[in-house]
Amino acid sequence: AFFRMLPDLAEQAMYQPDYMLRDLLEESGDQTGDRQNGIDGLPGFSTAHPQAMYQPSPSGAATFINDFSGGGQTVTMPDVGGGTVNVTVGGQFGPSALMSLIGYMKNLKAEDNETFGVNIDCAMFHTQLEGEVNLVFKSSFFAPAVWNTITGQVGAAENPIQKYGVKPIFNRWLTQPFTWYVFDTSRAFRGLIHQLRQGVILTPRTSPNDPVVFDMHKILWGQYYRAAMAFGPPFLFARSGP
């Protein structure tokens with residue numbers, strides 16, 4: 001009977017990195033406190049990441065945002081003909097929130113004031129948003145009532161979001177149904193890091209001389225592995241939500 005349960009044990013071992021990833025993204029379980037800090041000493045998701053990530057940033061130094069939860073963030077951008085304009089980036093999932101966030105991430109600048117060259121190619125969602133996400137990403141035609149500054153659109157038009165090459169994935173382990181994430185996974189470095197120290201080891205305790213077997217008249221199968229989750233460069237990922 002126990003051998004029939006081994007596939008289930010193996011499946012649970014396979015899911016362990018998913019649980020740890022979920023906890024890192026949502027700041028829960030074991031992935032709290034200092035484990036939330038990234039390479040710049042700030043939490044992985046922040047509204048004030050320094051452009052010079054590896055050096056102490058003086059007061060007033062340039063920063064960037066990768067946390068757009070809570071309805072999005074107001075960002076000041078150059079305006080046509082000079083001056084600046086305030087725009088809302090991110091927020092509750094929808095075409096405008098998605099495209100504004102992708103546009104913002106693509107234009108993030110490094111300490112040399114040149115863009116990082118971010119290419120958002122992956123977006124992660126709770127299964128609660130699956131229907132809406134598929135509608136936005138996979139519809140051949142789309143006609144939102146208001147799309148940024150375009151307000152006079154009438155009838156259906158070809159869906160441009162399909163051409164951005166962003167792959168939607170649905171993470172069934174997430175517990176925050178309306179928070180969503182975007183990533184650049186095209187680099188040698190990634191925004192999320194799984195540091196494997198020891199692969200899964202399955203340990204059967206079935207010997208008659210084993211204390212569990214002898215004392216409790218039971219046999220026990222267990223497994224363990226050693227690994228850690230961490231944030232990579234913060235310009236490679238962002239989160240958003242209402």
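Predicted model: local features only at pLDDT ≥ 70, side-chain atom pairs only at ≥ 80, totals over all residues.
The side chains of Arg205 and Asp210 meet in a salt bridge, with 3.1 Å from N to O.

**Salt bridges**

- Side chains of opposite charge can pair when their charged atoms come close.
- Arg187 is joined to Asp184 by another salt bridge, where the closest N and O atoms lie 3.5 Å apart.
- Here Arg187 is partly exposed at 26% relative accessible area, while Asp184 is buried at 0% relative accessibility.
- Arg22 and Asp23 form a salt bridge too, and their closest N and O atoms are 2.6 Å apart.
- Buried or exposed, what is Arg22? Arg22 counts as buried, at 16% relative accessibility, and Asp23 is likewise buried, at 14%.

**The five-stranded sheet**

- Five strands make up an open sheet with mixed pairing, in the order β3-β13-β10-β6-β9.
- Its edge strands are β3 (67-68) and β9, each of which pairs on one side only.
- Strand β6 covers residues 122-125, and strand β9 covers residues 167-170.
- How do β6 and β9 run, parallel or antiparallel? They run parallel, and four bridges join them.
- Within that pairing, Cys122 has Lys167 of β9 as its bridge partner, and Phe125 stands opposite Phe170 in β9.
- With strand β10 (residues 180-183), β6 pairs in the antiparallel sense over three bridges; Ala123 has Val182 of β10 as its bridge partner.

**The two faces of β6**

- In a regular strand the side chains alternate between the two faces of the sheet.
- Strand β6 shows this plainly: Cys122 and Met124 point one way, and Ala123 and Phe125 point the other way.
- All four of these residues, Cys122, Ala123, Met124 and Phe125, are buried.

**Helix α2**

- Helix α2 spans residues 95-106, which gives it 12 residues.
- From its first C-alpha to its last, α2 reaches 17 Å, close to the 16 Å expected at 1.5 Å a residue.
- Nine of the 12 residues of α2 are buried, so the helix is largely enclosed by the rest of the structure.
- The buried residues of α2 are Pro95, Ala97, Leu98, Met99, Ser100, Leu101, Ile102, Tyr104 and Met105.
- An α-helix has 3.6 residues a turn, so residues three or four places apart point the same way.

**The cavity**

- Rolling a probe the size of a water molecule over the atoms shows where empty space is left.
- Residues that line the largest cavity include Gly38, Ile39, Asp40, Leu42, Pro43, Gly44 and His49.
- Also in this lining are Phe231, Gly232, Pro234 and Phe237.
- Sorted by class, the lining has six nonpolar, four polar and one charged residues.

Methods
Residues numbered from 1 in each chain as written. Heavy atoms only, no water. Salt bridge = Lys/Arg side-chain N within 4 Å of Asp/Glu carboxyl O. Buried < 20%, exposed > 50% of the residue type's maximum accessible area, 1.4 Å probe, protein only. Pairing = 2+ DSSP bridges. 1 Å grid on protein atoms, 1.4 Å probe; cavity = no way out; pocket = protein on both sides within 12 Å on 5 of 7 lines; lining within 4 Å. Nonpolar A, V, L, I, M, F, W, Y, C, P; charged D, E, K, R; others polar. Expected span 1.5 Å × (residues − 1).
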